[in-house]
Amino acid sequence: MRSRLKKQSVLIVDSDTDLRNTIVEYLSMQSDICVAGSVGDGIEALTAVRQCRPDVIVIDSMLPLLDGLGLFRHIRSLSHSKGNEPACIFLVCDGQDVLLQEMISQGANYCMVKPVDLAELTYRIRHAARDACSNELYRKLAAHTLRAMKMRIHDDGFEYAQRAVAILLEERNRAVR
């Protein structure tokens, strides 16, 4: 008997309607991925994130009304308050190196340069969802460890310490495998 795995829900956020539709069509053919929605600007995306709570969000960096980085920051602030953080994959145009570095430093799961290879994007979606679950576990373990050391969530540097402990836990887990 074959076990049923939960499909990864994905939200596509891109102002290019043709590209957005192409990605939706391609992902809809994948048996383990469910397209939860697709929108064309950052404000619509915020509403969609709240409504469909996707596992993964594919975000174009250049969006109208609220750009990709602004959207990402809003998603992270919403997720931190609720405790469930979707994985985020950014699509950037060639030559956006500064923006690319900023997204990575802010915690983006992946960044891909347009035009994207749909098979590669699908691969990244599958892995980003899995990695986000692992990262959430490491963050929770790190927070528990820091609280055991009498560090409070609101202390200066808690978030950085939590990220550092999470990285150490992840590296330790990889070494054990």
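Analyst: Welcome! Helices (H or I, at least four residues) and strands (E, at least two) are DSSP runs, numbered from the N terminus. The model is predicted: local features need pLDDT of at least 70 and side-chain atom pairs 80 or more, while totals for chains, interfaces and linings use all residues. Residues are numbered from 1 along each chain as its sequence is written, and side-chain values use heavy atoms, without hydrogens or water.

User: What pattern does the protein chain follow along the sequence?

Analyst: The protein chain has six helices and five strands. Read in sequence order, they give β-α-β-α-β-α-β-α-β-α-α.

User: Which strands stand at the edges of the sheet?

Analyst: Strands pair when DSSP finds at least two bridges between them. Here the pairing is parallel, in an open sheet ordered E2-E1-E3-E4-E5. Two strands have a single partner each, so one side of each lacks a neighbour in the sheet: E2 (33-39) and E5 (110-113).

User: In E3, what is the bridge partner of Val-10?

Analyst: Strand E1 (residues 8-13) runs parallel to strand E3 (residues 56-60), and four bridges join them. In E3, Val-10 is partnered by Val-56.

User: Which parts does the aromatic pair of Phe-72 and Phe-90 tie together?

Analyst: A search of the whole structure finds one aromatic pair (ring centres within 6.5 Å). Phe-72 and Phe-90 sit edge-to-face (planes over 60 degrees apart), with 5.3 Å centre to centre and 75° between the planes.

Notes: Phe/Tyr/Trp six-rings, centres within 6.5 Å; stacked < 30°, edge-to-face > 60°.
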